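Hi everyone, thanks for making the time. Have a look at the structure on the screen, and I'll walk you through it.

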Amino acid sequence: WQFDPSSGEYYLHLFAREQPDLNWQNPEVRAEVHDLMRFWLDKGVDGFRMDVIPFISKDPAFPDYPPEHRARPEFYHADGPDLHAHLAELRREVLAPHGAVTIGEAFGVTFEQACLLTDERRGELDMLIHFDAVRIDRGEGWRWRDWTLPEWKAVFARQDAAMGPETWRTVCLSNHDNPRLVSHFGDDAEPWRIPSAKLLATLLLTQKGTPFVYQGDEIGMTNVRFTDIARFDDIEARNAWRAAVETGLVPAETFLWHMNRTSRDHARTPMQWDGSPNGGFTTGRPWFAPHPDAAWLNAAAQAGSGSIYAHYARLIALRRATPELVYGDYADLAPDHPTLFAYTRRMADSGVLVLLNFSREALPADLPTGLAPGELLIGNLGPADHPDTLRGWEARVYRV
């Protein structure tokens with residue numbers, strides 16, 4: 001709660017002081033939001049990504065957090081008493097007449113709650129971006145924690161089990177609030193950066209749901225190595241530094257080690273277009289220092305057929321041409337394997353098999369009895385001498 005001297009009252013801000021929460025209980029506020037959205041829809045936009053949309057409904061009594069929500073208050077704020085009524089009104093009054101699409105940010109929303117919010121029969125949201133997979137390695141607050149591939153695979157399986165045929169989903173592994181994809185879930189050390197970036201692209205574009213590609217991931221941009229808190233711009237990082245380091249609770253080196261794995265500033269450096277100053281992003285002074293590797297890791301350098309960008313393009317074309325990758329059922333074939341992510345996408349009598357090796361070490365492509373790979377549809381490495389063995393960070397997609 002922030003005191004406002006001009007009114008002599010306090011206002012609620014769940015995020016920065018400059019972001020006061022709107023009172024959606026007030027019909028005049030809702031009407032103003034509707035009018036703002038109509039302004040852009042009349043200009044021809046196709047829809048909206050709705051930032052933390054589940055937080056719009058508050059309990060007007062403003063009680064203290066229940067004990068079960070004090071560690072993770074987002075799950076309390078995402079379940080307000082009038083959330084569904086507000087969204088249904090928004091659809092009815094604004095979105096439906098324009099045929100607009102809605103993409104909600106699902107911070108604090110469980111997969112089960114997502115079924116209510118995205119059920120096409122209810123008419124609230126079209127899809128939700130979840131963070132269960134993206135934040136698998138987030139510990140308490142700003143801390144990084146160890147995670148395993150079976151743990152990560154289980155998130156995809158839980159989502160598939162929860163989301164019924166009347167709902168649609170998203171596949172999102174990175175965005176402006178999380179570290180760079182290849183540094184986060186791949187291996188950004190050479191020579192593994194390119195193959196692991198392509199493997200993660202293969203995962204993203206062969207899972208069930210609408211895939212979201214964050215700018216820069218399609219060329220393999222990596223995390224920055226921050227060595228000083230002054231280089232961070234994120235308000236969360238700076239607030240955490242004051243609370244953890246300046247109070248003497250955590251050594252600076254420990255804090256920076258964690259933040260170099262979890263900070264969202266990694267994804268907010270300017271887009272690297274070419275090798276000119278500032279990565280070709282601007283001839284002026286950008287708000288954030290460009291990544292030191294912008295001179296050689298940039299979009300202009302991605303012209304070759306073996307580039308990460310070209311692999312994304314081939315995967316998108318394959319997805320468009322393969323109905324199983326859009327609508328097919330999902331089945332994890334090796335949920336407990338520590339480094340192999342193997343799954344099928346099936347429709348009736350046709351299907352696709354995806355094999356992903358999340359390690360530098362070669363491993364056998366063990367498959368269930370009776371499942372034989374057919375035509376190789378796409379891979380991230382060249383021809384294999386031993387088709388039954390996956391090389392380090394190798395990805396293959398077969399017809400089965």
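Let's begin at the hairpin formed by strand 9 and strand 10, which has 2 residues between the strands. In that turn, Ala348 has a positive phi of about 50°. Before I go on, please keep in mind that this is a predicted model. Strand 9 and strand 10 pair in the antiparallel sense, over 8 bridges. On its other pairing, strand 9 meets strand 8, residues 329-332, again antiparallel, over 4 bridges.

Which residues have the most contacts inside the largest nonpolar core? They are Trp152, Phe156, Leu173, Leu203, Phe341, Leu356 and Phe358, in a core of 36 residues. Several elements supply at least two residues each, including helix 5, helix 10, strand 9, strand 10 and strand 14. Helix 7 gives the largest share, with 7 residues. As a general reminder, nonpolar side chains in soluble globular proteins tend to be buried together.

Zoom in on Leu173, if you would. Leaving aside neighbours within four places in sequence, its contacts include Trp152, Phe156, Leu181, Phe185, Leu200 and Leu203. Apart from this core lies another one, of 25 residues, with Met50, Val52, Ala78 and Leu87 among them.

In helix 4, residues 111-118, the buried ones are Phe111, Ala114, Cys115, Leu117 and Thr118. Their cover includes helix 3, strand 5 and helix 5. In helix 9, residues 252-262, we find Phe255, Leu256, His258, Met259, Asn260 and Thr262 buried, and helix 8 is part of what covers them.

On to charges. Side chains of opposite charge can pair when their charged atoms come close. How many salt bridges does the count come to? The answer is 23. One of the pairs is Glu166 with Arg121, at 3.7 Å from N to O. Glu166 lies in the loop between helix 5 and strand 6, and Arg121 in the loop between helix 4 and strand 5, so this pair ties together parts that are 45 residues apart in sequence. Glu166 is partly exposed, at 27% relative accessible area, while Arg121 is exposed, at 62%.

Another pair is Arg169 with Asp160, at 3.2 Å. Here Arg169 is buried, with a relative accessible area of 7%, whereas Asp160 counts as partly exposed at 22%. There is also a network of salt bridges linking Asp177, Asp234, Glu236, Arg264 and Arg268.

One more arginine for you: Arg30, in helix 1. Is Arg30 buried or exposed? It is buried, with a relative accessible area of 15%. Not counting residues up to four places away in sequence, Arg30 touches Trp24, Gln25, His86 and Glu89.

Finally, let's look at the surface. Trp1, Phe3, Tyr10 and Phe62 form a nonpolar patch there, with about 500 Å² of accessible area together. Phe62 sits in the loop between strand 3 and helix 2, and is partly exposed at 44% relative accessible area.

Methods
Residues numbered from 1 in each chain as written. Predicted model: local features only at pLDDT ≥ 70, side-chain atom pairs only at ≥ 80, totals over all residues. Heavy atoms only, no water. Patch = residues over 30% accessible without salt bridge, like charges linked within 9 Å, V, L, I, M, F, W, Y side chains within 5 Å. Areas by Shrake-Rupley, 256 points an atom, 1.4 Å probe, with all protein chains shown as cover. Salt bridge = Lys/Arg side-chain N within 4 Å of Asp/Glu carboxyl O. Buried < 20%, exposed > 50% of the residue type's maximum accessible area, 1.4 Å probe, protein only. Contact = heavy atoms within 4.5 Å. Core = buried A, V, L, I, M, F, W, Y, C linked by side-chain atoms within 4.5 Å. Pairing = 2+ DSSP bridges.
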